[in-house]
Amino acid sequence: RVRNAADNSCEVTYPDVTLTDKIQPSIASVVSTNNTDCGVVDGSITITASSAQGAVEYSINGGTTWSQSGTFTALTAGTYQIRVRNIDGTCVQSSSNIIISAPTPTAISGVADSDPSDCGVNDGTITITATGGTLEYSIDGGGSWQSNNVFNGLASGTYNIFVRNNNGTCTTT
């Protein structure tokens, strides 16, 4: 209201003005998958979120870039900073960082062998030295695997050596 102070005669009334606050989006879930094998870039993150204000945008790099889809695929190993905001760029909501991992690559650093001691005696050995986490070893081209890196009781012949992570990924010949 406004009054004229001189004669107290004029009063002007304006309608009420209501200011409406923006509505914070809500993140319902963040689901991720790790890369499945060495050299394969197939990690993913799926963010499910909503806002009573309308559509939302999604970011996995802390808000540097935004997408209208909450599904991110072909991700490399690394840490991803999850953010969601209203489509108009307001009310950024954060979630815990997501870590996408990849299997540890395997590497054969050495192979020691000893021939059978005599004709017709099957007492040859092969010892494989490798790195890459918990490993499995094969001397028949991956036909069979064992957790021990030493193979005993071998006949003369050619052996095809493989090493892999114990979960079956990252095979090295």
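A: Happy to. Setting aside neighbours within four places in sequence, Asn86 is in contact with Ile23, Pro25, Ser51, Gln53, Ala55, Val56, Glu57 and Cys91, where contact means heavy atoms within 4.5 Å. This is a predicted model, in which local features need pLDDT of at least 70, side-chain atom pairs count only at pLDDT 80 or more, and totals for chains, interfaces and linings use all residues. Residues are numbered from 1 along each chain as its sequence is written, and side-chain values use heavy atoms, with hydrogens and water left out.

Q: Why is Asn86 called buried?
A: Buried means under 20% relative accessible area, exposed means over 50%, and partly exposed is in between (1.4 Å probe, protein chains only). Asn86 has 1% relative accessibility, so Asn86 counts as buried.

Q: What makes the link between the side chains of Asn86 and Gln53 a polar contact?
A: The distance is 3.4 Å. A polar contact is a pair of N or O atoms within 3.5 Å; within protein, one must be able to donate a hydrogen and the other to accept it, and residues adjacent in sequence count only if both atoms are side-chain atoms.

Q: Where is Asn86 placed?
A: Asn86 is in strand 8, which covers residues 83-86. Strands (E, at least two residues) and helices (H or I, at least four) are DSSP runs, numbered from the N terminus. Strand 8 pairs with strand 9 in the antiparallel sense over two bridges, and strands pair if DSSP finds at least two bridges between them.

Q: What makes strand 5 and strand 9 edge strands?
A: The open sheet of three strands runs in the order 5-8-9, with antiparallel pairing. Strand 5 and strand 9 (93-94) each pair on one side only.

Q: Why is Cys91 called partly exposed?
A: With 22% relative accessibility, Cys91 counts as partly exposed. Cys91 sits in the loop between strand 8 and strand 9. Its phi is near 60°, a positive value in a residue other than glycine. Most residues other than glycine have a negative phi.

Q: Which class does Ala74 fall into, buried or exposed?
A: Exposed: Ala74 has 52% relative accessibility, so that is how it counts. Ala74 lies in strand 6, and its phi is near 55°, again a positive value in a residue other than glycine.

Q: How do you know that Cys38 and Cys170 form a disulfide?
A: Their sulfur atoms are 1.6 Å apart, and a disulfide is a pair of cysteine sulfur atoms within 2.5 Å. A search of the whole structure finds one disulfide. Cys38 lies in the loop between strand 3 (26-33) and strand 4, and Cys170 in the segment after strand 15, so the pair ties together parts that are 132 residues apart in sequence. Cys38 is partly exposed at 25%, whereas Cys170 is buried at 4%.

Q: Why is the pair of Trp145 and Phe162 called edge-to-face?
A: Rings of Phe, Tyr and Trp (its six-membered ring) pair if their centres lie within 6.5 Å; planes under 30 degrees apart count as stacked, over 60 as edge-to-face and the rest as tilted. Here the ring centres are 6.4 Å apart and the planes are at 80°, so the pair is edge-to-face. Trp145 is partly exposed at 23%, and Phe162 is buried at 15%.

Q: What makes a group of residues a nonpolar core?
A: Such a core is a set of buried Ala, Val, Leu, Ile, Met, Phe, Trp, Tyr and Cys residues joined through side-chain atoms within 4.5 Å. The largest one has 13 residues, and Ile45, Ile47, Tyr58 and Ile60 have the most contacts inside it. Strand 4 gives the most to this core, with three residues. Apart from it lies another core of 10 residues, among them Ile139, Leu154, Ile161 and Val163.

Q: Why is Gly124 called buried?
A: Gly124 has a relative accessible area of 2%, so it is buried. Gly124 lies in strand 12 (residues 124-131). Leaving aside neighbours within four places in sequence, Gly124 is in contact with several residues, including Ser114, Phe151 and Leu154.
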